[in-house]
Amino acid sequence: MKKIIIKPNLYYDSVTLMRVSQALSEVPGVVNAMVGMGTDLNKDSLKNLGLFDEQVEKASANDLIIGLEVSTEEALNQALTVLEQQLTKKREEKGGSEKVYTGIEQVVNEDPEANIVLISVAGMYAAREAKKALLNGLHVFLFSDNVSVEEEIMLKDLALEKGLLMMGPDCGTAYINGTALGFANKVKKGPIGIVGASGTGTQQVMVLIDRFGSGVSQVIGTGGRDLSREVGGRMMSFGIKMLAEDPETKVIVTVSKPPAPEVAEKILSLLKSISKPAVVCFLGSDQTGFQGNDVVVVNNLEDTATMAVKLVNSKFSGTNGDQEVLAKIVNELKGKLNPHQKYLRALYGGGSLADETMQELLKDGFEVFSNIPLKPELALPSPLESRGHTVIDLGDDFFTRGKPHPMIEPALRVPRIIKESLDPETAVVLMDVILGYGCHKDPAGVTAQAVYDAKEKLAKEGREVIFIGVLVGTEGDPQNYQEQERKLKDAGVLVVNSNYQAVKLVKSILG
Amino acid sequence: MELFRQKLKAINLGNRDFAEDLRAQGTEVYHLEWEPPARGKKELIDILNLIEDDPEIEKANKIALEKYFNSQPVLVSIGIAREVIPGMDEDTLLHAGPPITWEKMSGPLRGAVIGALIYEGRANTPEEAEKLAKSGKIKFSPCHEHNAVGPMAGVISPSMPVFIVHNVTHGNYAYCTLNEGLGKVLRYGAFSDEVINRLRWMEKVLAPGLKKAIELSGGIDLKTIIAQALHMGDELHNRNKAGTSLFIRNIAPYLVKAGLPDSELVDILNFINSNDHFFLNLSMPAAKVMLDAAHNIPKSTLVTTMARNGTEFGIRVSGLGNRWFTGPAQMIKGLLFPGFKEEDCNPDIGDSAITETAGFGGFAMAAAIAIVQFVGGTPEDALNYSRKMYEITIAENRVFQIPIFGFRGTPTGIDIRKVLSKNILPQINTGIAHREAGIGQVGAGLVNPPWECFEKALLAWKEQYLGE
């Protein structure tokens, strides 16, 4: 039974609606549920679910669409009750005598101390709001994607003119004055300043710096496209200059994919002109090593953190994890695989981590298929079907249309974990578990449950699979690192704290 | 960077979790109840992005508003419609709101047309009047296109006496009928003998007497009365108690001086005194004469007219000439008099939204808190309605003030760009007519213009000034 409801001119932000969709999906008897504004993207998703009719087609981006497929009348009624509760929750919360603010200018007029704006509205509206913020003298953290390159350049030029940070579009991670913005971990205060064009990459680096006993002064995000030829590293250059002037920052770190050559040149020569030492992480780059004047290029996230900490603490040994113990475990695990179990299946929420894994494996001659392939010939025909060694970025648009990001809702990864585990050719299932602000409250719990379920099924088939978990987090994170680690270990997951270590493990198991 | 030495204080729009995470870290944050601008319509947002910071528009709006602000509306006399209103002839009936045909008129407007034709002696019975109205011999035209305004049905027929309001600064005039009082009245579509007889008395006794007194006074400054009435609890659309009282104080000595027969003098004073809304028909042409001065400034996005004919709501914009931008008239939300139900109500009707357009009426509800007893809601609501209107207006009034806001000027000068970008529609405070002719007022409440008016106006602005 299908039911479609349109509520005209009733706006909710996408994250709220994803949560509503999720709550509806959990109602017994609900087969499919999608609640979204009438954007083209959402209409497509509704079409795919078969929840489409003329009124859906006519709905505007400002109309709320509720699409439900249920097995019983009772389920429908219950779903509608849940829907009402979920939708009215927001309205009640803002009740009482607390003043309601609707626009940036309105706040600025009343509170001149406001200094930064976080924007995560749909991309088509985002640039306009960011511009308003900049014109009002506010720094911007722009999480939204689907902002055009032209708009990005316009915004960044405006920001530079005003001496403001324009972090984004598509910026996931920043850490300003000890406060995590978006998806970021709680780290110790310290002398290392980071400018990052890669969200999870930056998280991995800041987490390892914390683990290696040092700390972070500021983390400035730039958005993934900043180092493209068009944008030309506008915000990374500005961020570097800001860190150069910042007395708290002793070492500057940059994290990104390898940029266009002329942009790389620009960044490197800027860093060389600055008196502070710098570690440049160009993920997967071939050209590593010292560039002169205290600037070093590295190509993986762990080396980035190691190098940075060494620069501030000459006593730091630079080793991570007890290699001997791990080698012993690996040997033990290898013995449990049968000859058909040959392949890696990596299921990532963090796109940069997925990238790093592919880069590292490629260097050793592994052929790795992916939905975000390093080479076109390694593209999976369908992101839903793995083949050979496969690395999947579950945070990619294909998976996140109308759904929360797996870092927010790891439950969406559970069916895939089970599916890959049961593939007779799978030897290793690799997963990231990312902690910190912005992320799910208990990602390890959700992931561990999936592993329990998979293992139970595998046991019936008389097989074992090696589960490796990359736990990206710190002791300061709100999720409680130790508890998260324990949950994974209890489920029989081999836990490492660095993606680079995980890749090394994979190589030693499959190599 | 200065930011690194400041305490972080954030504004969050979009994902609420980001705000909660900041709070959990002890960082102060304002989470906005954000909505997509222009109801999420890409085409409109693109235009807004282009013209929102256009200095030429700012300049045009400043010129337009300056003309409004330095206007000086003075009641100078009373005349007969056919003699004083431009473009008025024996076969013309003026009505409220945007242009409309007989076929599309709602009950109260039809009733007023019938009553006016009987009053003019063009028909003896309602049936005859209806036949004549349908015949095509009668030209229907909006009051607004003749420098006039009329409350509710707003019908002005050739023989009716009208107030003449002169804008001393700019030399333009505005006209409005005299208010008939409450109950069975033409403006609510009533056309019984009682109604027609009252209109004749107004023509023969009230108007000539008042005319003498007004002329003896040398003219009555309406702007001052409006400013004072706002301090006395009126918003001069739905509440005119103070304005009417002040008018009586102004006119009484001259009425006495006019040497009218005693019985007429008593009747005139009793008539005005018994009608709390008498001053509405003066606050309206005062608003009209000031806004007309601000009309026709090229590029200006200032709204100079908001008016309803009971079927459609129409607005006009200073920079867009005499074009109307219309949408369906809305139902009014408010309180109904005992014995009436929602299905008795007519959609929004009347030129009286000119008061909101001029920065009082619903925009000044915070000055007229007692009005919530009439239109519903709480005193806090009244304050919030006014507060919200600052978001869509260009200026704060220099003369009209809201005492409870520390005598802040009323929100004045609606900008179509602000209405669309903020998704806030002007707040109108109005009476509710019965949907059938002749029954009269059934309640009062709050209403907004339809969104389409502003959307159409912005598209027209783009077409006129930016081309395709």
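Modeller: Over residues 347-508 of chain A the chain is 40% helix and 18% strand, and its end C-alpha atoms are 19 Å apart; here helices (H or I, at least four residues) and strands (E, at least two) are DSSP runs, numbered from the N terminus. The structure is a predicted model, in which local features need pLDDT of at least 70 and side-chain atom pairs count only at pLDDT 80 or more, whereas totals for chains, interfaces and linings use all residues. Residues are numbered from 1 along each chain as its sequence is written, chains are lettered from A and ligands numbered from 1 in the order written, and side-chain values use heavy atoms, without hydrogens and water.

The domain assignment divides chain A into domain 1 (2-93), domain 2 (104-312) and domain 3 (323-510), with bounds from an automatic or database assignment. The centres of domain 1 of chain A and domain 3 of chain A, taken over C-alpha atoms, are separated by 32 Å, and their contact (heavy atoms within 4.5 Å) takes six residues from domain 1 of chain A and five residues from domain 3 of chain A. Between them, domain 1 of chain A and domain 3 of chain A bury about 560 Å², of which carbon and sulfur atoms give 60%; buried area is the accessible area (1.4 Å probe) that two parts lose on being put together, summed over both. On the side of domain 1 of chain A, the three residues Met18(A), Gln22(A) and Leu41(A) supply 65% of the area buried against domain 3 of chain A, more than any other three residues.

Chain B is likewise described in three parts, its domain assignment giving domain 1 (2-34), domain 2 (47-68 + 289-466) and domain 3 (71-226). The C-alpha centres of domain 2 of chain B and domain 3 of chain B lie 23 Å apart, and 36 residues of domain 2 of chain B meet 42 residues of domain 3 of chain B in the contact. That pair of domains in chain B, domain 2 and domain 3, buries about 2,800 Å², with 64% of it on carbon and sulfur atoms. Val289(B), Asn309(B) and Asp351(B) contribute 23% of what domain 2 of chain B buries against domain 3 of chain B, more than any other three residues.

Between the chains, 58 residues of chain A are in contact with 39 residues of chain B, and about 4,500 Å² is buried between chain A and chain B, 58% of it on carbon and sulfur atoms.

Over all chains the structure holds 15 aromatic pairs. In one of them, the ring centres of Tyr125(A) and Trp34(B) are 5.5 Å apart and the planes stand at 55°, so the pair is tilted: rings of Phe, Tyr and Trp (its six-membered ring) pair if their centres lie within 6.5 Å, and planes under 30 degrees apart count as stacked, over 60 as edge-to-face and the rest as tilted. Because Tyr125(A) lies in helix α6 (residues 123-135) of chain A and Trp34(B) in the loop between β2 (28-31) and α2 (42-51) of chain B, the pair joins two chains. Tyr125(A) and Trp34(B) are both buried, where buried means under 20% relative accessible area, exposed over 50%, and partly exposed in between (1.4 Å probe, protein chains only). Ring pairs also link Phe143(A), Phe183(A) and Phe18(B) into a cluster.

Some backbone details remain. Most residues other than glycine have a negative phi, and most peptide bonds are trans. The peptide bond from Gly168(A) to Pro169(A) is cis, with omega near 10°, and Pro169(A) is placed in the loop between β6 (166-167) and β7 (173-176) of chain A. Asp294(A), a residue other than glycine, has a positive phi near 65°; Asp294(A) is found in the loop between β13 (289-290) and β14 (295-298) of chain A, and counts as partly exposed because its relative accessibility is 47%. Asn296(B), which is not a glycine either, has a positive phi of about 65°; Asn296(B) lies in the loop between α11 (280-293) and β10 (303-309) of chain B, and at 47% relative accessibility Asn296(B) counts as partly exposed.
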